[in-house]
Amino acid sequence: MSTDPFVVVHGKRFKRLLSAEEIQGIVRQLAHQIVQRHRSEELVCVVILKGAFMFANDLIRAMNIPCEITFLRAQSYGAHMYSSGKVHIEFFTNHQRLQDRPVLIIEDIVDSGLTLQAIRDYLAQYRPKSIETVTLLLKPDTFQGTPPEYVGKAIAPLFVIGYGMDYNEGGRYLQDIYVLDSETAGTQSTSNNG
Ligand code: 5GP
């Protein structure tokens, strides 16, 4: 972990919210919960790009059970901090592979829940046996909809980056998770790319 609690990305200052060690502790707990429930069946893990790639990498290795891994990209039109409600989905597998199988959606962060609902609706049309969601972070103050089955940590409705999550494609590489610092918060221009 860096000793400096601040990073600057595209001119905005972010403050550390969760260290890499704290994140790994959360990931281990989530993996344990999922394995307890799905030890005897092979999950189809649907990793939501791009933001969940780092989380999914650590989670799937911590689960260490046989599973299939595939990717889905969901983009809100406008790609701003607030979801527009219209979500464009690209699914990188043959959807017939979902039929009668248990699906685990792996998300980095759920804010309003609109993106997750669109993903669930999209996957449901291919008749999986079940659909569950694991998200590393959830913003309960802004969330509406079907709650994810596995939630790593609830956070305030603030903009975060790091550990796969970006600000205009910056900051994804960071090992820790950072929150937009209050001194620079308040602008409406903060955007991400999934
Ligand atoms: P929704 O509001 O539909 O739940 O969230 C839409 C998408 O916006 C999420 O899947 C995630 O990619 C992105 N998102 C939501 N909150 C944040 C945040 O605080 N930081 C970043 N980098 N992306 C976010």
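Tutor: We begin with pairing. Two strands count as paired if DSSP finds at least two bridges between them. Bear in mind that the model is predicted.

Student: What makes β3 and strand β4 a pair?

Tutor: Strands β3 and β4 (residues 67-76) share seven bridges, in the parallel sense. The definition asks for at least two, so β3 and β4 pair.

Student: What is the sense of the pairing between β4 and β5?

Tutor: Antiparallel, over five bridges. L72 stands opposite F91 in β5. In general, strands of a sheet pair through backbone hydrogen bonds, either parallel or antiparallel.

Student: Which strands make up the open sheet of four?

Tutor: The order is β1-β2-β10-β9, with antiparallel pairing. β1 (6-9) and β9 are the edge strands, each pairing on one side only. Strands β2 (residues 12-18) and β10 (residues 177-180) pair over four bridges. Here R16 stands opposite Y178 in β10.

Student: Why is L30 called buried?

Tutor: L30 has 23 C-beta neighbours inside 10 Å. The label needs 20 or more, so L30 qualifies as buried. L30 sits in helix α1 (residues 20-38).

Student: How do you know which residues L30 is in contact with?

Tutor: The test is a C-beta distance within 7 Å. Set aside the neighbours within four places in sequence, and L30 is in contact with L59, V134, Y150 and G152. L30 and Y150 are 120 residues apart along the chain, yet their C-alpha atoms are separated by 6.7 Å.

Student: What share of the chain's contacts with a separation of 6 or more comes from residues 24 or more positions apart?

Tutor: 68%.

Student: What makes strand β3 mostly covered?

Tutor: Six of the seven residues of β3 (residues 43-49) are buried. Across the chain of 194 residues, 36% count as buried.

Student: Which residues of helix α2 are buried, and where do they pack?

Tutor: In α2 (residues 53-63) they are M54, F55, A56, D58, L59, I60 and M63. Their partners are α1, β3, β4, β6 and β7. Just after α2, N64 takes a positive phi of about 50°.

Student: Which residues of α3 are buried?

Tutor: L114, T115, L116, I119 and L123. An α-helix has 3.6 residues a turn, so residues three or four places apart point the same way. The buried residues of α3 pack against β3, β4, β5 (87-91), β6 and β7 (130-138).

Student: How many residues surround the ligand, and which are the closest?

Tutor: There are 18, and the closest are D111, S112, T115, M165 and N192. Elements giving two or more residues are β6 (102-110), α3 (114-124) and β9 (160-161). With three residues, α3 gives the most.

Student: What makes up the shell around the ligand by residue type?

Tutor: Eight residues are nonpolar, eight are polar and two are charged.

Student: How many helices and strands does the chain have?

Tutor: It has three helices and 10 strands. From the N terminus on, they run β-β-α-β-α-β-β-β-α-β-β-β-β.

Notes
Residues numbered from 1 in each chain as written. Predicted model: local features only at pLDDT ≥ 70, side-chain atom pairs only at ≥ 80, totals over all residues. Near = placed C-beta within 6 Å. Nonpolar A, V, L, I, M, F, W, Y, C, P; charged D, E, K, R; others polar. Buried ≥ 20, exposed ≤ 12 C-beta atoms within 10 Å, placed from the backbone. Contact = placed C-beta atoms within 7 Å.
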